[in-house]
Amino acid sequence: MILLDQEPGRSAAAPGWLPELAVLFVTGSVDLLVWSGDNELRGGAGVAAGWLVPAGSLTMVAALLFRRRHPVAVLAVQMSWAGACALVFTAYTPVTALLVAVGAAGRQLPPARSLAGWAACLLPFVLQARGAGTWLFETTYVVVFMLVAGAAWLIGYRARLARQQAAEQDAATAEAVRRERLRIARELHDIVAHAVSVMVLQVAGARAVLASDPRRAEEALDTVQDVGRQSMNELRRLLGLLRSASGGLAVSGGEPQPDLDAVDALLAGARGAGLTVGKQVSGVPGLLDPSVGLAAYRLVQEGLTNAVKHAGPGATVQVGLRWTAEHVTVTVRDDGPGPGRRARGPAPLSTGHGLLGLRERVQIAGGVLHAGPSGDGFLVEAVLPVVVPAAALPERIAG
């Protein structure tokens, strides 16, 4: 019990100072009641031993308070006191505080240094055994107490390993939380940025033609309603995933994670925002991992959002899907604002982090992203891995 070198504040049932007080109390009591003997000094000065032993014992027990911050110094002091007592006193052989110090060294120090401290305990044990009886008794005394000190070191070392494992687990948990927060931030950005851009532009268009062409204004508001409903479904799905991951109740009614099958809905929304959008597919579609399919969907979403904000209504956008046996290349290319045409989307609609988040998402999915000017417009392109080529899919799925 006294070798368990507990950290203050680790006990959930008692204040942090209670375990520490228990260690010191038991150590001092065993030291004085078990190891003190008749408290005589070598040379017959028995009167002086009456106060030297309690004073020295209490001092050594108090020194254990510093065993965590200064394990080497405390162990050296305990070994010095144990060796000196073996030379000065006829019966007093302090051991308990030394064992606690060895355990603390095993917990606080690297194994090589703490094992060296354990080996150094051989000297005070040899001094204590000297002249205590036969050669066999002295040898047995030294071996037994070296084994006991080794057990104390092992308890401290196991506590050190447990503390290191806990720290590594905490670091891994913190890293997982950080990555999850980044993923959630990307999801929220993709959902909100696209929806808000389209909705603001549609409302602006509806306001412009509200008096002159109420039917066009109504169509624009219908587009706003559809985009808002789709975005709410995606947000509800994301919230359901978050609640499921944290042990809460999942939100029902959310749509499945979007992939390339949901791209047509994005194109319809972009056309409603005033873009001229075309789609070209070449090759035979294969099977994508869900994370890859989501990355492809977000790429098309981000490309269309940028076209709405920066190229403006009337711009032409070409979405391409080029399938091979190992990859799918997803491209979104717009022709830019063009002469006499500029984007209606104000700058505050752009967070500036869309392409950065998209690049990270594509890299995590195992792909490569390219984004930059292309002629008078802008190109966003990603090459993503195919999990199962179309040739390997069952005919009813591939077809």
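Biologist: Which helix does Val200 lie in?
Modeller: Val200 is part of helix 7, which covers residues 135–209. Keep in mind that this is a predicted model.
Biologist: Okay. Is Val200 buried, partly exposed or exposed?
Modeller: Val200 counts as partly exposed, because its relative accessibility is 34%. For that label the value has to fall between 20% and 50%.
Biologist: Which residues make a nonpolar surface patch with Val200?
Modeller: The patch is made by Leu188, Val192 and Val196 together with Val200, and its area is about 260 Å². As background, an α-helix has 3.6 residues a turn, so residues three or four places apart point the same way.
Biologist: New topic: helix 9. What are its buried residues?
Modeller: In helix 9, residues 263–272, the buried ones are Val263, Leu266, Leu267, Gly269 and Ala270. They sit on the same side of helix 9, because they cover an arc of only 160° around the axis.
Biologist: And what's the phi of Gly274, which follows helix 9?
Modeller: The phi of Gly274 is positive, near 105°.
Biologist: Let's do strands. How many bridges join strand 1 to strand 2?
Modeller: Seven bridges, and the two strands run parallel. Strand 1 is residues 276–282 and strand 2 is residues 316–323.
Biologist: What does the chain go through on its way from strand 1 to strand 2?
Modeller: The chain passes through helix 10, residues 290–311, and this β-α-β crossover is left-handed.
Biologist: How about strand 2 and strand 3, parallel or antiparallel?
Modeller: Strand 2 and strand 3 pair in the antiparallel sense, over seven bridges. They form a hairpin, with three residues between them. Trp323 stands opposite Val328 in strand 3.
Biologist: Is strand 3 mostly covered or mostly open?
Modeller: Mostly covered: strand 3 is residues 327–334, and six of its eight residues are buried.
Biologist: How many bridges join strand 3 to strand 5?
Modeller: Eight bridges join them, and strand 3 and strand 5 (residues 377–385) run antiparallel. Along that pairing, Thr331 stands opposite Glu381 in strand 5.
Biologist: Last one: where does Met60 lie?
Modeller: Met60 lies in helix 2, residues 46–63. Met60 counts as buried because its relative accessible area is 11%, and the cut-off for buried is under 20%.
Biologist: What separation do the C-alpha atoms of Met60 and Trp81 have?
Modeller: Those C-alpha atoms are separated by 7.9 Å, while Met60 and Trp81 are 21 residues apart along the chain.

Terms used
Residues numbered from 1 in each chain as written. Predicted model: local features only at pLDDT ≥ 70, side-chain atom pairs only at ≥ 80, totals over all residues. Heavy atoms only, no water. Patch = residues over 30% accessible without salt bridge, like charges linked within 9 Å, V, L, I, M, F, W, Y side chains within 5 Å. Areas by Shrake-Rupley, 256 points an atom, 1.4 Å probe, with all protein chains shown as cover. Salt bridge = Lys/Arg side-chain N within 4 Å of Asp/Glu carboxyl O. Helix = DSSP H or I, 4+ residues; strand = E, 2+ residues; numbered from the N terminus. Buried < 20%, exposed > 50% of the residue type's maximum accessible area, 1.4 Å probe, protein only. Arc of directions from axis to C-beta. Pairing = 2+ DSSP bridges. Right-handed = clockwise from strand over helix to strand, strands pointing away.
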